[in-house]
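Hi everyone, thanks for coming. Please have a look at the sequence and the structure on the screen, and then I'll walk you through a few spots.

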Amino acid sequence: MKTTDTASTGVEIPGSPAGPGPAVTKTTASVPRRTAKAEGATLNVFSHGVLIIWAIMVVMPLLWAVMTSFKTDRAIFTSPWSLPDRLHFENWSRAWTEAHMSDYFLNTLLVVGGSLVGTLLFGSMAAYVLARFDFPGNRFIYFLFIGGMSFPVILALVPLFYVLQNMALLNTLHGLILVYIAYSLPFTVFFLTAFFRTLPTSVAEAAFVDGASHTRTFFQVMLPMAKPGLISVGIFNFLGQWNQYLLPTVLNTEPERKVLSQGLVQLAVSQGYKGDWSGLFAGLVMAMLPVLAAYIVFQRQVVAGLTAGAVK
């Protein structure tokens with residue numbers, strides 16, 4: 001007699017060759033499925049809970065700083081968690097004019113803008129050559145850049161000071177731009193080298209067949225294809241260079257050439273025990289807004305650049 005395997009089909013067998021018997025049903029296959037589904041739901045709830053807690057921990061200090069920037073000094077200490085009685089925009093105007101935040105802001109834009117362009121330009125050129133061409137010393141140069149990532153910048157402060165002094169670049173914005181570029185190049189080359197290796201070689205070969213030079217192929221073909229990676233590493237460099245404090249403190253001591261990080265410290269200690277706390281928080285929010293705006297605008301490109309290098 002022909003029988004059916006209930007272990008694989010889950011269909012009841014009315015009887016057996018020996019005679020009628022009790023019906024057998026499949027129940028064991030659904031148990032692991034239900035267990036896995038329950039475990040997945042528990043993990044999903046746990047991960048979402050952790051993300052919500054992390055979001056609260058990150059967002060709450062930012063919101064509190066923005067709220068405090070519109071309070072008076074008295075309200076900051078008497079009711080630090082309450083909403084301001086009204087929006088005191090004079091805190092912002094006082095920080096912008098009297099505390100010279102406008103000058104610090106302009107200096108920071110010039111330094112970070114120039115260093116960011118130079119870092120992406122030189123870093124992408126070096127990464128492209130290291131990723132697409134084989135020549136003697138290729139891996140040695142690549143590992144030199146990686147070694148630069150592990151070198152503490154604090155060990156280079158004294159040599160940098162004397163090098164810039166001998167080159168008449170000390171206390172100048174263009175000298176600080178060059179230092180920022182050198183400081184950011186190792187990570188940029190490391191990041192973009194892995195990204196350029198994932199780009200298809202057929203496109204570059206087609207450009208060479210059409211008569212394009214290496215320079216034209218790089219700037220008009222390969223560099224536009226690397227746009228997600230450039231945006232991602234550009235955001236990381238922008239964050240690091242905008243918040244840089246150690247390098248400008250040592251290499252840029254002229255008051256009229258200070259950047260935002262130095263200006264905030266100057267604003268905090270300029271009046272001694274009679275600190276302008278409302279102006280300080282206003283200046284802090286001013287320094288924070290460009291970073292938040294840049295990340296909000298380019299968040300999709302950042303995620304795309306981070307994941308593009310992992311998929312070939």
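I'll talk about helix packing and then about aromatic rings.

A word on ground rules: this is a predicted model, where local features need pLDDT of at least 70, side-chain atom pairs count only at pLDDT 80 or more, and totals for chains, interfaces and linings use all residues. Residues are numbered from 1 along each chain as its sequence is written, and side-chain values use heavy atoms, with hydrogens and water left out.

Let's start with helix α11, residues 227-242, and helix α14, residues 277-297. Helices here are DSSP runs of H or I with at least four residues, numbered from the N terminus. The axes of α11 and α14 come within 10 Å and cross at roughly 175°. Those axes are lines fitted to C-alpha atoms over the stretch in contact, and the angles run from 0 to 180 degrees between N-to-C directions. The two helices are therefore roughly antiparallel, a label for angles over 145 degrees.

Which residues of α11 and α14 meet? From α11 we have I235, F238, L239 and W242, and from α14 A287, P290, V291, A294 and Y295. Contact means heavy atoms within 4.5 Å. The residues of this contact divide into 9 nonpolar, no polar and no charged. Nonpolar covers Ala, Val, Leu, Ile, Met, Phe, Trp, Tyr, Cys and Pro; charged is Asp, Glu, Lys and Arg; the others, Gly among them, are polar.

Buried means under 20% relative accessible area, exposed over 50%, and partly exposed in between, with a 1.4 Å probe and protein chains only.

Now the rings. Rings of Phe, Tyr and Trp (its six-membered ring) pair if their centres lie within 6.5 Å; planes under 30 degrees apart are stacked, over 60 edge-to-face, and the rest tilted. The count comes to 17 aromatic pairs. In one of them, W64 and W81 have ring centres 5.8 Å apart and planes at 45°, so the pair is tilted. W64 lies in helix α2 and W81 in the loop between α3 and α4, so the pair ties together parts 17 residues apart in sequence.

Are these two buried or exposed? W64 is partly exposed, at 24% relative accessible area, whereas W81 is exposed, at 68%.

Finally, ring pairs link Y128, F133, F196, F218 and F219 into a cluster.

Note on methods:
Parallel < 35°, antiparallel > 145°, perpendicular 65-115°, else oblique.
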